[in-house]
Amino acid sequence: MKRRVTILGSTGSIGRQALDVARAHPDRFEIVGLSASSNAELLLSQAAEFRPEYLALENGQASNLDGTAAEIITGPGAARRLAEVPADVVLNGIVGFAGLAATVAALRAGNVLALANKESLVVGGEWVNSLAGDNPIIPVDSEHSAIFQCLESRRNDEISEILVTASGGPFFEFEEERLVEVGPEDALKHPTWQMGRKVTIDSATMMNKGLEVIEAHHLFGVSYDDVRVVVHRQSVVHGGVLLRDGSAILHAALPDMRLPIAYGMLYPERVDVGAKPVGFGDATWTFHEPRNDVFRCLPLAVEAGRAGGAHPVVLNAVNEVAVQAFLDHQINFPRIAGVIEEVLERVPENGNMDSMEAIEAMDHWARGEAERLTAEVAAR
Ligand SMILES: NC(=O)c1ccc[n+]([C@@H]2O[C@H](COP(=O)([O-])OP(=O)(O)OC[C@H]3O[C@@H](n4cnc5c(N)ncnc54)[C@H](OP(=O)(O)O)[C@@H]3O)[C@@H](O)[C@H]2O)c1
């Protein structure tokens, strides 16, 4: 039986790799819909190859997609409307807060969600979880896919902690003073993964790990005290489960996102995606404590997660603005954490983030604050 899959963000890093998986297994996948923000050219060429029923273009017009036989959805909310179309799996590979509406729409429509867009769980938290009902959200982040697999057939009372590994990014060994000098081009050189720009900068600041701790809290129902982060420079062990008897179950794979993407698209089945097998001959696996005193985004995120309510929404929004300001050479690398910390100190009220309107209003407020702070620095 073919799995009918919609891929949101098909022109991005996750989306293109999802189509690599589908290309390698035409007998297993049928593409229902593909979506992009503005890259109509790539979307059209993907449509010519995979012949989806629907194409969604968030920032563009139908005329940008001339020549396709697919039904076209364009304009703000296009990905959200595509997410509602019945499919066996909706893979959300949109980057950032923009992915929330599609996550909500897919879950409300009763579609199974394979989630790469961690930001939607960070900001939507319990509310998004409640919309999932009995349908599990299948994690696509490599760490959460690893943990998800380690948790299978484990009883809750066996588990002591969840382990999330971090590559540490390109600057893990740097002296703190050097970090003011690093630019976007340095931060975009990730040591082990090829990813989109935003998540690559998040990896360098360790915010990616902070977002993932919040994501793990919501996905697996574990307290923040029970999520352990370790830096593992080789990115081979992606995550695991520490058991009460002192043993640990770890998941290992060479860094290749096609593995967790394929698992998310075909769960609970597996297919060969052409990944190289884990090598053991001369392999060295190292584990270190994170440098929370230098890379402040991780502890800031955990603190925001613990505070709950509006705090994770503010954290995420300010991070998106600060990362863009860093990419635009407006602020330096350490200032990303500085801006986040300053705005988090002023979260106006810790109301319930249990509707799209409440979350969007808080996101909007935080972006305004962050834009003011980054502009102040740029003007100096
Ligand atoms: N890349 C990885 O290896 C990796 C690993 C783990 C988790 N993730 C997570 O997966 C998500 C996607 O990351 P990525 O690296 O694939 O990002 P990316 O390469 O930047 O791709 C983002 C995709 O989202 C689309 N998009 C951007 N803004 C949008 C908007 N406002 N509305 C609708 N669509 C929009 C883009 O379309 P255009 O091409 O038209 O701009 C593109 O298709 C992120 O949440 C990231 O944290 C990624």
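Modeller: A residue is called buried if 20 or more other C-beta atoms, placed from the backbone, lie within 10 Å of its own C-beta, exposed if 12 or fewer do, and partly exposed in between. This is a predicted model, in which local features need pLDDT of at least 70 and side-chain atom pairs count only at pLDDT 80 or more, while totals for chains, interfaces and linings use all residues. Residues are numbered from 1 along each chain as its sequence is written.

Biologist: What makes Ala114 count as buried?

Modeller: Ala114 has 29 C-beta neighbours inside 10 Å, so it passes the limit and counts as buried. Ala114 belongs to strand β6, residues 112–115, where strands are DSSP runs of E with at least two residues, helices are runs of H or I with at least four, and both are numbered from the N terminus.

Biologist: Which residues does Ala114 touch, not counting those up to four places away in sequence?

Modeller: With contact taken as C-beta atoms within 7 Å, Ala114 touches Val89, Leu91, Ile138, Val140, Gly264 and Met265, once residues up to four places away are set aside. Val140 is 26 residues from Ala114 along the chain, yet their C-alpha atoms are separated by 6.2 Å.

Biologist: Why does Gly308 count as partly exposed, and where is it placed?

Modeller: Gly308 has 16 C-beta neighbours inside 10 Å, and therefore counts as partly exposed; its place is in the loop between α11 and α12. From Gly308 to Ile72, 236 residues apart along the chain, the C-alpha atoms are separated by 38 Å.

Biologist: How do you know that the protein chain is as compact as a globular protein of that length?

Modeller: The protein chain has 14 helices and eleven strands. Its radius of gyration is 20 Å, close to the 21 Å that the globule rule gives for 380 residues, so the chain is as compact as a globular protein of that length; the radius is taken over C-alpha atoms, and the rule is 2.2 Å times the number of residues to the power 0.38. Buried residues make up 49% of the 380.

Biologist: Which residues of the two helices meet?

Modeller: From α5, Glu119, Val122, Val123 and Gly125 meet Pro312, Val313 and Asn316 of α12. By class, this contact of α5 with α12 has four nonpolar, two polar and one charged residues; Ala, Val, Leu, Ile, Met, Phe, Trp, Tyr, Cys and Pro count as nonpolar, Asp, Glu, Lys and Arg as charged, and the others, Gly among them, as polar.

Biologist: What makes Ser153 and His329 count as exposed?

Modeller: Ser153 has 5 C-beta neighbours inside 10 Å and therefore counts as exposed, and His329, with 10 such neighbours, counts as exposed too. Ser153 lies in the loop between α6 and β8, and His329 in the loop between α12 and α13. Although it is not a glycine, Ser153 has a positive phi of about 65°, while phi of His329, also a residue other than glycine, is near 60°.

Biologist: Which peptide bond is cis?

Modeller: The bond from Tyr267 to Pro268 is cis, with omega near 5°, and Pro268 is found in the loop between α10 and α11.
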